[in-house]
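Dear colleague,

I am handing over to you the structure we spoke about, with a request that you look through it before reading my notes. The notes follow directly after it.

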Amino acid sequence: MESNNDKYLNGNKIPKITLNNGTNIPVLGLGTFGSDNYSAQQIADAVDFAIRNGYRHIDCASVYMNEAEIGSVISGLIKEGVVKREELWITSKVWNDAHGAGEVIDSCKKSLKNLKLDYLDLFLIHWPFPNYHAPGCDGDARNPNSRPYNHDAYMMAWRQMEALVDMGLVKSIGTSNMTIPKMELLLRDARIKPVVNEMELHPHFQQPELFDFLVERGIQPIGYSPIGSPKRPERDRTSDDTVDIEDPVIVSIAERLHLHPAEVCIKWGVQRGEVVIPFSVSPTKIVNNLKAVTSNAITHEEMQQIAGIDKNCRLIKGQVFLWEGAKSWEDLWDLNGEITC
Ligand SMILES: NC(=O)c1ccc[n+]([C@@H]2O[C@H](COP(=O)([O-])OP(=O)(O)OC[C@H]3O[C@@H](n4cnc5c(N)ncnc54)[C@H](OP(=O)(O)O)[C@@H]3O)[C@@H](O)[C@H]2O)c1
């Protein structure tokens with residue numbers, strides 16, 4: 001991959017946030033879902049470049065089908081002395097097809113083997129349903145085994161997450177794509193509280209109610225698709241979707257700060273108190289995103305302007321996880337404040 005003048009930026013420059021169990025997560029991580037556009041090796045090469053240039057946090061998942069390639073890169077960098085294991089924050093996630101008895105633990109062990117690690121810093125339940133789709137399927141695909149949210153089934157998965165902490169295989173556990181009513185049930189029943197919820201967050205989809213709910217309860221929001229996922233797969237596109245990086249407010253702040261609008265989206269997320277995990281395989285963008293996080297702040301007035309452009313525009317609607325009989329993707333997100341069954 002191409003090199004640049006800022007090689008070996010000091011990873012300590014990226015601020016960290018202390019989670020509710022005392023661990024410290026870097027506010028910027030590299031996403032590793034290539035949206036079907038890039039090979040596993042291209043993404044592993046991006047991880048190599050990112051860590052060599054100061055990134056310390058990598059957001060992985062078994063369903064991204066690139067953990068073995070990323071693991072080879074990480075173990076190579078540790079052997080080379082570029083980074084120590086304890087300086088890295090590595091996240092993985094259990095996919096929807098492995099929520100059953102014993103399966104969460106097996107999935108974690110498989111991710112550890114692929115990533116060539118003794119422990120994960122963070123392990124997440126990727127979606128709160130055991131519903132899954134074939135890789136690369138189109139948006140109308142339905143799996144006949146898909147079911148609405150079932151709290152007992154979710155807790156069977158969560159108990160295994162807790163066991164993974166007890167076993168020392170993961171330092172922290174968390175959720176992803178949760179709603180307020182689902183999180184209320186988990187907080188009622190969990191022995192080990194989630195430290196984070198990974199969720200879609202970008203200027204046109206700010207989720208203020210869920211964001212505040214989490215922060216008030218000491219659960220850190222991790223924002224995925226922080227740029228508005230401009231290269232997301234076709235199945236995740238609709239004609240109503242809006243484009244964050246073309247918003248006049250974002251564009252004008254980008255002009256003032258001499259940044260790309262994508263970098264303004266990332267900065268806004270961090271200044272708002274999120275952990276952000278933008279994806280890129282481009283060395284220039286990877287470095288620019290890191291610099292953006294550590295450069296001049298967005299002003300208070302600009303933060304207020306961005307708060308005013310929220311369009312409640314969810315991009316990753318999850319429609320491929322719907323069950324037969326479900327009306328639309330809104331059924332996944334408990335929009336009336338109750339779990340939809
Ligand atoms: N938990 C979940 O359910 C979930 C769901 C979705 C995503 N995620 C995680 O979140 C990560 C990020 O989300 P995402 O990939 O959907 O979307 P994203 O980070 O919002 O957007 C990624 C795209 O933005 C472009 N980009 C990055 N930096 C840029 C810059 N400085 N200037 C211009 N363009 C830039 C990249 O272009 P190039 O391709 O040209 O580099 C890339 O294709 C994923 O990789 C994954 O790790 C988690």
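Below is a description of the model, going from the overall chain to the sheet, the ligand and a few single residues.

This is a predicted model, in which local features need a pLDDT of at least 70 and side-chain atom pairs count only at pLDDT 80 or more, while totals for chains, interfaces and linings use all residues. Residues are numbered from 1 along each chain as its sequence is written.

As to confidence, the protein chain averages a pLDDT (the predictor's confidence in each residue, from 0 to 100) of 94, and 95% of the residues score at least 70.

Along the principal axes, the C-alpha atoms fill a box of roughly 50 × 45 × 35 Å. Of the contacts between residues at least 6 apart in sequence, 74% join residues at least 24 apart. Buried residues make up 44% of the 341 residues, where buried means that 20 or more other C-beta atoms lie within 10 Å of a residue's own, exposed means 12 or fewer, and partly exposed lies in between, with C-beta atoms placed from the backbone.

The protein chain has 10 helices and 10 strands, which are DSSP runs numbered from the N terminus (helices H or I, at least four residues; strands E, at least two). An open sheet of eight strands runs in the order S3-S4-S5-S6-S7-S8-S9-S10 with parallel pairing, and two strands pair if DSSP finds at least two bridges between them. Strand S3 (30–31) and strand S10 (275–276) stand at the edges with a single partner strand each, so one side of each has no neighbour in the sheet. Within the sheet, strand S4 (residues 57–59) and strand S5 (residues 89–94) pair in the parallel sense over three bridges, and Ile-58 stands opposite Ile-90 in S5.

Turning to the ligand, 31 residues surround it, and the closest are Gly-31, Ile-227, Ser-229, Phe-279 and Ser-280; a residue is near a molecule if its C-beta atom, placed from the backbone, lies within 6 Å of it. The elements that give two or more residues to this shell are helix H8 (261–272) and helix H9 (283–294), and H9 gives the most, with three residues.

Which single residues deserve a second look? Ser-229, one of the residues closest to the ligand, is found in the loop between strand S9 (220–224) and helix H7 (248–257), has a positive phi of about 40 degrees although it is not a glycine, and is buried, with 22 other C-beta atoms within 10 Å. Asp-334 also is not a glycine and has a positive phi of about 50 degrees; Asp-334 is found in the segment after helix H10 (300–307) and, with 16 C-beta neighbours inside 10 Å, counts as partly exposed. Arg-52, in helix H1 (residues 40–52), counts as buried with 20 C-beta neighbours inside 10 Å.

With best regards

Key. Two residues are in contact if their C-beta atoms, placed from the backbone, lie within 7 Å.
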